[in-house]
Amino acid sequence: MPDDRTHTSPETQAVTELRMEGVWRVVVLNDPVNLMSYVVLVFKKVLGFDEQTARTHMLEVHEQGRSVVWSGLREKAEAYVFTLQQWHLTAVLEPDEAH
Amino acid sequence: MKRIEVKLALPVVAPLLDVIRELADGLRKNLAAPLALADLDAEFHDAWVSELITSQSEDVQRLLALFNDEFFTEGVVAFDEENAECIVRACAAIRLRLREHYLKKVGDETLETGEVDMATLEEPLRRAFMCYLFLATVQELIIQHLDASILDS
């Protein structure tokens, strides 16, 4: 994953640093194409879930349209989104307002 | 090394390869699933997309490499620890692309269940849907037999 960010001004840097702070959620969104068994495989492979946890999150995506699969620092959250995207799942980042 | 060989019906599968090859060309330039991160800075976004497209293209080339001379003489393709991960991802990419290019009118519920009366579909929709189901079958075979290899790699 590339990490060569450039910041052109102190103002931009301040905004970016503020954005990077706090807790972020990795949310996987439903799609009608990817197989349930494939999504379970990806959750196990990318997020290190056991079979039961992976199935629980897969069903949550399927039934509710989304599932929060990880939360933590922005940089690591971005890395998860990148890898999930590499496996063709649609994932987004959301700030965790509770933190 | 665990390896599975699958005998395919050449007259059925060969016509689907034209669809796969056509979509593979598009996947050299575009992501199969849109990148949904609006707040990445432009440079970072472009670097991500470039890296994802490279990875996606490599996966799709591995999938296309299955259909070599041996396939056209014997009708056999082989999956193993070396190619399983790339191929299962490539199938996902092509299936997403099929939806965008051919299958939107089929409807999401049909795409989820895979159940449709083929006789009601006209070309090129029919061939695209057969391709969609064929790639799902490949994924299921790999996940059923090589799941552990992918997780350990």
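Me: Why is Glu100(B) called partly exposed?

Reply: In this predicted model, where local features need pLDDT of at least 70 and side-chain atom pairs count only at pLDDT 80 or more, totals for chains, interfaces and linings use all residues. Residues are numbered from 1 along each chain as its sequence is written, while chains are lettered from A and ligands numbered from 1 in the order in which they are written. A residue is buried if 20 or more other C-beta atoms, placed from the backbone, lie within 10 Å of its own, exposed if 12 or fewer, and partly exposed in between. Glu100(B) has 15 such atoms within 10 Å, and is therefore partly exposed.

Me: What makes the pair α2(A) and α4(A) oblique?

Reply: Helix α2 (residues 36-47) and helix α4 (residues 74-86) of chain A pack at an angle of about 140°. Angles run from 0 to 180 degrees between N-to-C directions, with axes fitted to C-alpha atoms, for helices over the stretch in contact. Under 35 degrees counts as roughly parallel, over 145 as roughly antiparallel, 65 to 115 as roughly perpendicular and the rest as oblique, so α2(A) and α4(A) are oblique to each other.

Me: Which residues make the contact of α2(A) with α4(A), and of which classes are they?

Reply: Val42(A), Val46(A) and Leu47(A) of α2(A) meet Tyr80(A), Thr83(A) and Leu84(A) of α4(A), where contact requires C-beta atoms, placed from the backbone, to lie within 7 Å. By class, five are nonpolar, one is polar and none is charged; Ala, Val, Leu, Ile, Met, Phe, Trp, Tyr, Cys and Pro count as nonpolar, Asp, Glu, Lys and Arg as charged, and the others, Gly among them, as polar.

Me: How do you know that β1 and β2 of chain A pair?

Reply: Two strands pair if DSSP finds at least two bridges between them, and six bridges join β1 (residues 24-29) of chain A to β2(A), the two running antiparallel. Strands here are DSSP runs (E) of at least two residues, and helices are runs (H or I) of at least four, numbered from the N terminus.

Me: Why do β2 and β3 of chain A stand at the edges of the sheet?

Reply: The open sheet has three strands in the order β2-β1-β3 (chain A), with antiparallel pairing. β2 (66-72) and β3 of chain A each have a single partner strand, so one side of each is left without a neighbour in the sheet.

Key. Two residues are in contact if their C-beta atoms, placed from the backbone, lie within 7 Å.
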